[in-house]
Amino acid sequence: MKVRLSMILLLLVFISNPAFAQESLPLILAHANVINPADDAPWLDQTIVLQAGKIQSISSFPATLPGERMDLRGAWVLPGLIDAHVHLLNIAAARRMLSCGITTGRSMFAWNYADVGLRELRKRGDADIPTILASGYPVLADLVRFKPDITAIFLDHPVLDDLRRPGRIGPDGARRIVRANAERQVEWIKIFANERAGILETEPGTRNLNDEELKAAVEEATRLGLPVAAHAYSDEGVTAAVNAGVRTIEHGSLITEPTLKLMRKRGTYFVPTLYGFSVALTPDSTPEERSLQPRIEMLLKCGRQAVATARRIGVPVVAGTDTGYEEKEPTVIDEIRQLASAGLSNLEAIRAATSLSAECLAISSAKGALKPGWDADLVVYKDNPLKDLSVLREPILVINGGKVFLRKE
Ligand SMILES: [Zn+2]
């Protein structure tokens, strides 16, 4: 009896391994309520046909072609969620991310190009790895004194050895770090306009890269066709980054309305990573965490105001968590809810992690929507997440590149 029960459980909760990958017969999802976040209203009772990793058709007629059928019985389908700011370091974390229905992530730094490795596994067809946009190592003013330790960059790039001393990298160093990343085929360049907020040694209002280094990094990235994301908090840091031509501002908690207006004018996206600042102290909190708590609470309060102002004046707000999807770490679903509580509507908050995020990451011709020809990355819920965002916590089906990764009955 025990054996049988566990067999049934295994069948009910099926998380696939790459070895289980299904082959080329179409997968037909019947009776699906389809939410395309860029549209205002869902399409009810649709038939979705997936084949060869792509969405082949979506229509209100039942499909007659042969294939594997799944009756969704009126469940709600979203394009796979996108997290625009992750730090994935291993396969287990990538699988955890996918099991939450997050089928795409933009890596904003990973040691030893773990992000490039994960991206390549997914490109080879591994159904248990989300699509990853890699950024490798960040460009920052002092490679040796930075916390956490990023001196692994010298193991990956011994040619940068002369920068292995405390002191500024300078504009030339900034260009060389961009080129080193580009050699490893990253999709994005991450730069630090301000210092970090989450450690006691640095102040988020202080500049990290100076104007010359920042401009040099963005120029070099632009020359190589790579978009740039800037870690920045203050008006000064954000303004320098926006004027240099970065595509996204990460965190940005301390920005005020004039700077947001500049962002709107320049078409810069805002990735406020609010949930990262919402951590409450616990009995296990370290003395450093306790000392940092007032700063973190202030950044959350300011960040929420910045999001409300951004929405009012039309700066696009995109969902990113700034976490690594290790056990118990928050997910982009927490960030979607946080954005909604800061003033976005439920639909806008979902757009921030689907259609709008895809546009921001320049992948909107394949991701962030459910359309024929788009990637077959789907997440399915029993109830309508537009009515209640907490529904996002319980995906019943996750399809990644046309392959079933998670299925619950
Ligand atoms: Zn980060």
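Visitor: What does being in contact mean here, and with which residues is alanine 217 in contact, leaving aside its neighbours within four places in sequence?
Guide: Two residues are in contact if their C-beta atoms, placed from the backbone, lie within 7 Å. This is a predicted model, in which local features need pLDDT of at least 70 and side-chain atom pairs count only at pLDDT 80 or more, while totals for chains, interfaces and linings use all residues. Residues are numbered from 1 along each chain as its sequence is written. Leaving aside neighbours within four places in sequence, the partners of alanine 217 are Val139, Ala174, Arg175, Val178, Ile189, Ile191 and Leu209.

Visitor: Which residues have the most contacts inside the largest nonpolar core?
Guide: A nonpolar core is a set of buried Ala, Val, Leu, Ile, Met, Phe, Trp, Tyr and Cys residues joined through C-beta atoms within 7 Å, where buried requires 20 or more other C-beta atoms within 10 Å of the residue's own. In the largest such core, which has 122 residues, those with the most contacts are Ala217 and Ala241. This core draws at least three residues from each of domain 1 (2–78 + 370–407) and domain 2 (81–360), the bounds coming from an automatic or database domain assignment. The residues asked for are therefore Ala217 and Ala241.

Visitor: Which strand gives the most residues to the side of domain 1 that touches domain 2?
Guide: Across this boundary, 22 residues of domain 1 are in contact with 22 residues of domain 2. The elements giving two or more residues to the domain 1 side are strand 14 (397–400) and strand 15 (403–407), strands being DSSP runs (E, at least two residues) numbered from the N terminus. With 3 residues, the one that gives the most is strand 15.

Visitor: Is leucine 378 buried or exposed?
Guide: Leucine 378 is found in strand 13 (residues 378–381), and, not counting residues up to four places away in sequence, it touches Val77, Pro79, Gly80, Leu370 and Ile399. Because leucine 378 has 27 C-beta neighbours inside 10 Å, it counts as buried.

Notes
Helix = DSSP H or I, 4+ residues; strand = E, 2+ residues; numbered from the N terminus. Buried ≥ 20, exposed ≤ 12 C-beta atoms within 10 Å, placed from the backbone.
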